Amino acid sequence: MNLELSVFNFIHNLAGQSVVLDWLVIFLGSYLGYFLLAGFVLMLFREKDWRARFYYCAFAVLAVILSRGLLTEIIRFFSDRPRPFAVLSFEPLINHTAAAALPSGHAAFYIALALSVFLISKKWGWVYLFAALITGLARVIAGVHWPLDIAAGALVAALSFFVIKWALERFRPR
């Protein structure tokens, strides 16, 4: 925990340095995801083939449900890891309950979505993956997650992506 605490303190020390940076952290950690979801819906509507559109939508929904809805909650049931603001007694930039932190639900959700976007477009997949990682970093700066929470969320998302990819492989449009 000492190494993670040192990394957390290094990253979290960016909070409170500037009103503009704090606003950016709040936006990235709380609201960027809505733009990612809207962009994904637009990508689906741009797809001409209805079968491909259905496949991409089903893939992303199943990956997100497995990642955020099932695996994250199962892990949290067995691991009651407290959030940094609860352990270190400070007010986080993002209002949050003191519920279990490991793994990060935001990281699990948005990284699963980003990996699903790779099926539609590699270029946009990289953009989404970068945005998802920035969202995770912002949540560490805001003080609502430890760095390991974000890494665990990413691992859960990757596992979910590959499980859904394996399960839906025979339905993939050619």
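Helix H6 passes helix H8 in a right-handed crossing (a crossing is right-handed if the near helix is turned clockwise from the far one by less than a right angle, and left-handed if anticlockwise). The model is predicted, with local features reported at pLDDT of at least 70, side-chain atom pairs at pLDDT 80 or more, and totals for chains, interfaces and linings taken over all residues. Residues are numbered from 1 along each chain as its sequence is written, and side-chain values use heavy atoms, with hydrogens and water left out. Helices are DSSP runs of H or I with at least four residues, numbered from the N terminus.

Two packed helices are described by the angle between their axes and the distance between the axes. The axes are lines fitted to C-alpha atoms over the stretch in contact, and the angles run from 0 to 180 degrees between N-to-C directions. For H6 (residues 105-120) and H8 (residues 147-168), the axes come within 8 Å and cross at roughly 40°. H6 is therefore oblique to H8 (angles under 35 degrees count as roughly parallel, over 145 as roughly antiparallel, 65 to 115 as roughly perpendicular and the rest as oblique). On the H6 side, the contact (heavy atoms within 4.5 Å) involves Ala107, Ala108, Ile111, Ala112, Leu115, Ser116 and Leu119. Their counterparts in H8 are Ile150, Gly153, Ala154, Val156, Ala157, Ala158 and Phe161. By class, the contact of H6 with H8 has 12 nonpolar, 2 polar and no charged residues (Ala, Val, Leu, Ile, Met, Phe, Trp, Tyr, Cys and Pro count as nonpolar, Asp, Glu, Lys and Arg as charged, and the others, Gly among them, as polar).

H6 also packs with helix H4 (residues 50-78), where the axes come within 9 Å and cross at roughly 155°. H4 is thus roughly antiparallel to H6, and H4 passes H6 in a right-handed crossing. From H4, the contact is made by Tyr55, Tyr56, Phe59, Ala60, Ala63, Val64, Ser67, Arg68, Thr72 and Arg76. H6 contributes Gly105, Ala108, Phe109, Ala112, Leu113, Ser116, Leu119 and Ile120. The residues of the contact of H4 with H6 divide into 12 nonpolar, 4 polar and 2 charged.

Helix H3 (residues 32-46) packs with H4 at an angle of about 155°, with the axes 9 Å apart. H3 and H4 are therefore roughly antiparallel to each other, and their crossing is right-handed. Phe40, Leu44 and Phe45 of H3 make this contact with Arg53, Tyr56, Cys57 and Ala60 of H4. The residues in the contact of H3 with H4 comprise 6 nonpolar, no polar and 1 charged.

The loop between helix H5 (84-88) and H6 contains Ser89, Pro103 and Ser104. Ser89 has a positive phi of about 55° although it is not a glycine. At 64% relative accessibility, Ser89 counts as exposed (over 50% relative accessible area is exposed, under 20% buried and in between partly exposed, with a 1.4 Å probe and protein chains only). The peptide bond from Leu102 to Pro103 is cis, with omega near -10°. Ser104, in turn, is buried at 0% relative accessibility. With neighbours within four places in sequence left aside, Ser104 is in contact with Arg76, His145, Asp149, Ile150 and Gly153.

His145 lies in the loop between helix H7 (122-142) and H8, and is buried, with a relative accessible area of 1%. The His145 side chain reaches the backbone oxygen of Ala101 at 3.3 Å, a polar contact (a pair of N or O atoms within 3.5 Å; within protein, one must be able to donate a hydrogen and the other to accept it, and residues adjacent in sequence count only if both atoms are side-chain atoms). Beyond neighbours within four places in sequence, His145 is in contact with Phe8, Arg76, Arg83, Pro84, Ala101, Ser104, Arg139, Val140 and Ile150.

Ala152 in helix H8 is buried, with a relative accessible area of 19%. Not counting residues up to four places away in sequence, Ala152 touches Leu102 and Pro103. The C-alpha atoms of Ala152 and Ala108 are separated by 8.0 Å, at 44 residues apart along the chain. Arg51, in helix H4, counts as exposed at 54% relative accessibility. Arg51 and Arg174 are 123 residues apart in sequence and 9.9 Å apart in space, C-alpha to C-alpha.

Technical notes
Helices (H or I, at least four residues) and strands (E, at least two) are DSSP runs, numbered from the N terminus.
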